[in-house]
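Dear colleague,

Please find below the structure that I am handing over to you. My notes on what was found follow it.

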Amino acid sequence: MNQSSSRSDINLSWVRFLPQSWQPYALLSRIDRPIGSWLLFLPGVWGIVLPHGIPTMTRIKLIILFAVGSVVMRSAGCVVNDIWDRDFDRQVARTQQRPIANGTISVKQALFFLFVLLMIGLVILLQLNPLSWVLGASSLILVALYPGAKRVTWWPQLVLGFTFGFGAPLGYAAATGYLSWTQAALYAATIFWQIGFDTIYGYQDIEDDQRVGVKSTARWAGEAGKQFVSINYALCVFFLIVTSILNHNSFFALMVLLLPIAHFVWQIQKFDLHNPKVCLTLFKSNRDVGILIALALLIGTII
């Protein structure tokens with residue numbers, strides 16, 4: 001059994017201080033592990049800070065709404081994922097203690113919890129403009145499809161990229177009321193970024209995934225994982241540069257992109273395909289990459 005199979009991804013941490021009846025739902029929604037919410041939230045921030053001429057208070061309001069919405073919708077995505085994957089999760093040590101897999105929460109209870117989360121998400125979405133309503137509703141299709149992608153394609157990370165990166169066009173539309181080629185380039189950057197970091201994440205479970213028949217870009221790339229992640233990170237940088245040029249950002253703002261580029265280089269140097277602990281650390285470090293990219297885009301709007 002590989003190293004990832006020797007430990008569960010359940011971490012009670014502060015969750016144990018919640019009322020006992022709440023704890024399984026907290027674990028189901030992964031609020032004990034906020035990295036997923038960060039990685040969903042940051043592309044939205046990119047879209048909000050990218051366009052010129054948006055009042056500061058409007059940006060702040062949108063960032064707050066997207067922060068809350070990211071936690072809610074990431075939780076909803078986890079519920080959908082765990083309902084889809086409950087049989088697979090029972091066969092993988094890292095996931096077999098998840099609440100649906102171990103029977104703590106029934107599928108019926110999970111569906112009701114999902115409904116509550118989606119209603120909260122709807123309330124947040126209605127605070128945005130009509131174009132955002134359409135985009136936000138459309139994103140639910142991606143949320144529903146992603147868990148099934150690993151059953152039919154070697155590229156579920158591509159579907160994840162479209163799903164988790166959807167905050168970029170949604171944030172841009174919420175700030176401007178329209179879409180553009182600039183936003184399209186930013187969306188492309190988020191997709192390649194997310195393919196890269198989720199491939200790193202996938203190497204934690206590569207042996208278990210092979211045993212139970214789950215497909216992933218990690219399994220597809222095999223020992224060429226470093227090269228594959230490098231290509232995706234390079235494409236992310238390329239489209240970030242295209243975004244900045246289309247957005248008429250300053251040369252200085254372009255230079256700030258050297259910071260996330262340096263972080264990508266560091267990740268590739270440290271990436272060890274056969275060390276799950278390193279893979280998890282590098283995956284989590286992408287929160288810092290996202291913040292650095294947000295900084296570069298923000299500077300582009302003020303300098």
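Ile 105 sits in the loop that runs between helix H4 (86-89) and helix H5 (107-125). The model is a predicted one, and the remarks here should be read accordingly. With a relative accessibility of 2%, Ile 105 counts as buried, because buried means under 20%. Leaving aside residues up to four places away in sequence, Ile 105 touches Pro 24, Tyr 25, Leu 28, Pro 99, Ile 100 and Ala 110. Ser 139 is 34 residues from Ile 105 in sequence, and their C-alpha atoms are 26 Å apart in space.

Arg 59 is buried but has no salt bridge, and the nearest side chain of opposite charge, that of Asp 288, is 22 Å away. What does the side chain of Arg 59 reach at 3.4 Å? The backbone oxygen of Val 49 is found at that distance. Not counting residues up to four places away in sequence, the residues touched by Arg 59 include Ile 48, Leu 50, His 52 and Thr 301.

Turning to the salt bridges, the count comes to four. In one of them, Arg 30 pairs with Asp 82, and the closest N and O atoms are 2.8 Å apart. Arg 30 and Asp 82 are both buried. A further salt bridge joins Arg 33 to Asp 32, with 3.6 Å between the closest N and O atoms. Arg 33 counts as buried at 18% relative accessibility, and Asp 32 is buried as well, at 7%.

The aromatic pairs number 16. One of them is the edge-to-face pair of Trp 38 and Phe 41, with 6.2 Å from centre to centre and 65 degrees between the planes. These two residues are both in helix H2 (residues 35-49), three residues apart, which is about one turn of the helix. Trp 38 counts as partly exposed at 31% relative accessibility, while Phe 41 is buried at 13%. Phe 162 and Tyr 187 also form an edge-to-face pair, because their ring centres are 5.9 Å apart and their planes stand at 85 degrees. This second pair links distant parts of the chain, as Phe 162 is in helix H7 (residues 156-164) and Tyr 187 is in helix H9 (residues 181-202), 25 residues apart. Phe 162 is partly exposed at 35% relative accessibility, whereas Tyr 187 is buried at 13%.

Finally, the largest nonpolar core has 77 residues. Those with the most contacts inside this core are Trp 46, Val 79, Trp 193, Tyr 203, Tyr 233 and Phe 271. Ring pairs link Trp 46 and Trp 193 into a cluster with Phe 197, Tyr 201 and Phe 283. Beyond four places in sequence, the contacts of Trp 193 include Leu 39, Trp 46, Tyr 233, Phe 264 and Val 289.

With kind regards

Technical notes. Residues are numbered from 1 along each chain as its sequence is written. This is a predicted model: local features need pLDDT of at least 70, side-chain atom pairs count only at pLDDT 80 or more; totals for chains, interfaces and linings use all residues. Side-chain values use heavy atoms; hydrogens and water are left out. Helices (H or I, at least four residues) and strands (E, at least two) are DSSP runs, numbered from the N terminus. Buried means under 20% relative accessible area, exposed over 50%, partly exposed in between (1.4 Å probe, protein chains only). Contact means heavy atoms within 4.5 Å. Lys and Arg count as positive and Asp and Glu as negative; His and the chain ends are not counted. A polar contact is a pair of N or O atoms within 3.5 Å; within protein, one must be able to donate a hydrogen and the other to accept it, and residues adjacent in sequence count only if both atoms are side-chain atoms. A nonpolar core is a set of buried Ala, Val, Leu, Ile, Met, Phe, Trp, Tyr and Cys residues joined through side-chain atoms within 4.5 Å. Rings of Phe, Tyr and Trp (its six-membered ring) pair if their centres lie within 6.5 Å; planes under 30 degrees apart count as stacked, over 60 as edge-to-face and the rest as tilted.
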